[in-house]
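Please view the sequence and the model together while reading.

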Amino acid sequence: MKDNAYHILKNTHRLQACDLKRYTDPKKLPKSSRARLPKPDLAFGQSRAIKALNTALDIRANGYHVFAVGENGLGKRTLVTRLLTERAKQMPTPNDWVYVHHFADARRPIAIDFPAGMASVFQQKVHKLWQDAKKKLAAKLLGDTHQSHIEVIKSATVTLQHERFSSINDDAKNHNLMLKTAADGRVHFMAIDDQKPIDTQALSKLQKQLSEAQLELGELEDSTHDQLEELHQSTAQKVLEPMFKPILASFNHQPKAVRHLNAMLDDMVKNVARIINEDDENFVAAALSDVPSRYAVNVLVSHKPSAGAPIVFEDLPTHLNLLGHIEYTTELGTVLTDVSMIRAGALHKANGGYLLLEAQSLLEHPYAWQGLKRALQSKQIKISSLEQMLTLTGSLSLEPDSMALDVKVILLGEADLYYELLEFEPEFNSVFKVRADFHDDIKRDDLSEHGMVLKMVDMIKAYQLPAFDNTAFAVIIDELSKLSDDKNKLDLHADRLSGLLVESARIATLENNKIVSAKHVQTALDDITERKGYLKDLYWQEILNGQQIICTKGWAVGQINALTIISYADSEFGLPARLTALIQPNFGQGEILDIERDVELGGSLHAKGMLIMSSFLRALFSEFHELNFSASLAFEQSYGQIDGDSATLAEACALLSALANIPIAQNLAITGSMNQLGQAQAVGGVNAKIAGFFDACRDKGLDGNQGVILPRANIAQLMLRDDIVQAVKDEQFHIYAIDHITDALALLSGIPIDDKNKHGEYKRNTLFGKIVKRLESWVQDDKDDKDNRTAKN
């Protein structure tokens with residue numbers, strides 16, 4: 001190809017500087033973040049997700065819970081919370097819930113619901129009632145009037161006892177006997193005069209009288225005890241009924257509360273002696289309470305009146321934290337619990353509203369998913385002892401009343417996790433019927449750029465950052481396009497955006513500037529690049545000191561600069577790699593040895609690219625001659641895994657160069673996939689790949705001839721660095737866009753590729769013609785060798 005034709009060819013495929021990056025016009029943006037601007041649209045960039053969420057939230061049927069699908073850092077939780085907040089304001093505030101002691105069955109605490117805000121009122125009134133009642137009972141029962149009544153009952157008993165024993169004693173004296181009370185309290189007969197004989201018959205008769213008297217007196221004591229109990233209880237009834245009457249009137253519209261108060265009244269009347277004497281721990285205030293646990297009101301969930309529906313995010317969704325649990329205390333080796341030790345879970349707190357959970361965290365905790373699923377399916381919250389279920393022990397625990405559940409659950413997670421749940425959890429789709437997809441980018445136009453500015457202003461206010469001007473906004477928007485790998489899209493990752501805003505504000509503050517401008521944002525971007533560049537520097541050092549061989553000048557046969565992406569953790573950067581091809585004539589039938597694949601360093605996509613390239617070569621030349629050769633391809637000095645088909649074009653060009661024995665330019669690098677028809681296909685990471693080769697050329701010295709070849713389909717993804725754009729503008733570096741492998745070969749070799757003569761054969765001066773000629777020569781050589789061997793035989 002003549003120099004003029006080659007020059008025209010380059011110009012045909014060369015991209016202009018304006019094609020390499022899309023710049024935002026600051027004049028089209030608000031001048032400052034302090035300008036009066038509307039709030040950002042809640043559905044900005046996520047209208048699909050918002051529509052799905054609204055559908056699920058509008059439907060109250062069972063199973064219409066939501067799985068919000070999207071990459072981490074998109075701001076799913078923030079957006080969902082804002083949407084729910086707007087809805088929650090219009091919803092009724094759910095009831096409060098308390099647990100109280102069950103006086104008939106202490107193992108089964110009773111759940112009582114109250115209108116919002118009333119649970120605490122009920123608790124305060126009940127606890128105050130207990131304290132006041134105890135004081136009044138003590139004052140009444142220990143008072144003179146009550147004590148005098150006790151003395152009357154006791155004295156009557158003592159008098160009757162004295163009279164009965166005196167009568168028996170008088171009869172005994174007639175028989176030389178008398179009653180004697182021993183130290184242990186037992187009464188027996190003893191002789192008055194030991195010298196006189198004792199009438200045994202009289203003694204037997206007296207013993208019988210004494211036994212009868214003792215039985216009568218025992219019954220008398222029981223009767224006296226009953227009288228005292230009746231006296232205590234009747235007194236307590238008179239004291240407590242007026243005290244309970246106001247609180248009963250206050251909660252007369254709450255049947256469960258009224259039943260509990262009446263049961264509490266009966267229990268206090270029944271156990272008034274224990275309350276006053278404080279000789280039973282069940283009637284003594286607990287260590288951290290002013291009220292005994294049997295009379296305590298455990299407020300499980302409380303809401304402010306008119307606060308709307310609750311929105312709860314549980315960051316540690318264990319089984320206990322979701323469904324509630326029962327605490328225990330140990331005293332003298334005995335495990336104890338009571339109604340005051342019941343603790344609410346996230347479902348209790350979110351009941352009547354919304355619960356947000358990170359799906360990954362939920363699945364990391366044993367039995368959490370099973371517990372949540374059971375509660376949502378049954379619409380009941382049942383607190384159970386997980387330890388008892390797991391250990392299968394016979395230890396007793398509380399069995400609190402279950403509570404009706406009315407909650408909407410939103411799980412947040414990535415797409416891979418969603419698909420795994422669909423595959424391995426049969427009931428998942430019946431519980432979480434709605435999928436809300438969050439996009440990671442949005443189409444870039446004037447409207448979306450303005451919407452992105454509103455989003456940034458909202459973040460600036462939330463983080464209390466200094467003002468940003470329109471030049472800062474413009475640089476950030478350009479960076480968002482770069483992050484999305486598409487000049488016509490904007491990245492929607494909220495974490496990345498907020499991080500850039502915060503770091504840009506820091507730079508401006510350090511420079512004592514009250515307004516953040518473009519230079520501060522650019523400095524922050526440079527800082528981020530440097531911070532993440534340690535791994536890249538290690539690789540780059542090998543190129544600079546010659547350990548990694550890369551040629552950016554000259555010509556070579558079967559050798560080409562391929563472009564790769566190194567991705568590890570949060571580091572991702574482009575790096576050129578030497579790719580070589582070797583031909584073994586008269587050996588094989590066109591097989592291509594993929595060295596990376598054979599040593600298990602190449603992935604399945606890389607292998608697919610190799611097979612496509614093999615098919616392309618067979619289609620090109622098998623009609624002309626038998627492919628009597630074998631070839632090998634290798635990424636030189638590559639010691640890690642390689643996958644993807646973005647090197648297919650490079651591999652094909654290197655192989656065709658080796659087949660034709662035609663050198664190709666080393667000042668050009670190439671990336672791109674290819675189909676079986678030889679058409680160039682778009683690949684990912686083009687910006688990083690171009691930057692990698694540009695840096696290599698810059699460090700070795702730009703000569704105005706170096707550049708990168710890429711598929712034309714990748715032009716829309718170009719958002720190159722400003723220094724690369726400037727180098728292209730100054731004609732120190734070039735970017736070429738191609739549609740077919742023949743375009744790439746023409747740029748690399750500088751000769752015609754596939755021109756044919758009138759017989760439909762490739763012209764001899766073309767690259768394909770030279771390959772056909774070599775194939776012919778190998779066939780002839782092979783034939784000559786066979787003839788020579790035959791002649792010798």
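Which residues does Leu-656 touch, not counting residues up to four places away in sequence? Leu-656 touches Leu-617, Phe-621, Ile-741, Leu-745, Leu-767, Phe-768 and Ile-771, where contact means heavy atoms within 4.5 Å. The model is predicted, so local features need pLDDT of at least 70 and side-chain atom pairs count only at pLDDT 80 or more, whereas totals for chains, interfaces and linings use all residues. Residues are numbered from 1 along each chain as its sequence is written, and side-chain values use heavy atoms, with hydrogens and water left out.

**Overall composition**

- The chain has 793 residues, and 47% of them count as buried; buried denotes under 20% relative accessible area, exposed over 50%, and partly exposed the range in between (1.4 Å probe, protein chains only).
- Its secondary structure amounts to 27 helices and 31 strands; these are DSSP runs numbered from the N terminus, with helices (H or I) of at least four residues and strands (E) of at least two.
- Among contacts in the chain with a separation of 6 or more, 76% join residues 24 or more positions apart.
- The accessible surface of the chain is about 39900 Å², and carbon and sulfur atoms hold 50% of that area; the Shrake-Rupley method with a 1.4 Å probe supplies these areas, and for residues only the protein chains shown count as cover.

- Helix 26 (residues 741-749) is largely enclosed by the rest of the structure, because 9 of its 9 residues are buried.
- The buried residues of helix 26 include Ile-741 and Leu-745, both of which are touched by Leu-656.

**Aromatic rings and charges**

- The whole structure holds 18 aromatic pairs; rings of Phe, Tyr and Trp (its six-membered ring) pair if their centres lie within 6.5 Å, and planes under 30 degrees apart count as stacked, over 60 as edge-to-face and the rest as tilted.
- Phe-114 and Phe-122 form a tilted pair, because their ring planes stand at 35 degrees, with the centres 4.7 Å apart.
- Phe-114 counts as buried at 0% relative accessibility, and Phe-122 is buried with a relative accessible area of 0%.
- A cluster linked by ring pairs is made up of Phe-67, Trp-369, Tyr-418, Tyr-419, Phe-428 and Phe-432.
- The charged end of Arg-294 sits over the ring of Tyr-295 at 5.8 Å from its centre; this requires NZ of Lys or CZ of Arg within 6 Å of the ring centre and within 35 degrees of the ring normal.
- Lys-536 lies over the face of Trp-540, 5.8 Å from the ring centre.

**Buried loop residues**

- Ser-484 occupies the loop between helix 17 (470-483) and strand 19 (489-491), and is buried with a relative accessible area of 15%.
- A polar atom of the Ser-484 side chain lies 2.8 Å from the backbone oxygen of Ser-481, and the side chain also reaches the backbone oxygen of Asp-486 at 3.2 Å.
- Beyond its neighbours within four places in sequence, Ser-484 is in contact with Asp-441, Lys-489, Leu-490 and Asp-491.
- His-303 is located in the loop between strand 6 (297-301) and strand 7 (311-314), and is buried with a relative accessible area of 12%.
- Leaving aside neighbours within four places in sequence, the contacts of His-303 include Asp-96, Gly-117 and Lys-349.

- Tyr-367 has a positive phi of about 70 degrees although it is not a glycine.
- Tyr-367 lies in the loop between helix 11 (359-364) and helix 12 (368-378), and counts as partly exposed at 42% relative accessibility.
- Gln-464, which is not a glycine, has a positive phi of about 55 degrees.
- Gln-464 belongs to the loop between helix 16 (446-462) and strand 18 (467-468), and is exposed with a relative accessible area of 73%.

Definitions and conventions:
A polar contact is a pair of N or O atoms within 3.5 Å; within protein, one must be able to donate a hydrogen and the other to accept it, and residues adjacent in sequence count only if both atoms are side-chain atoms.
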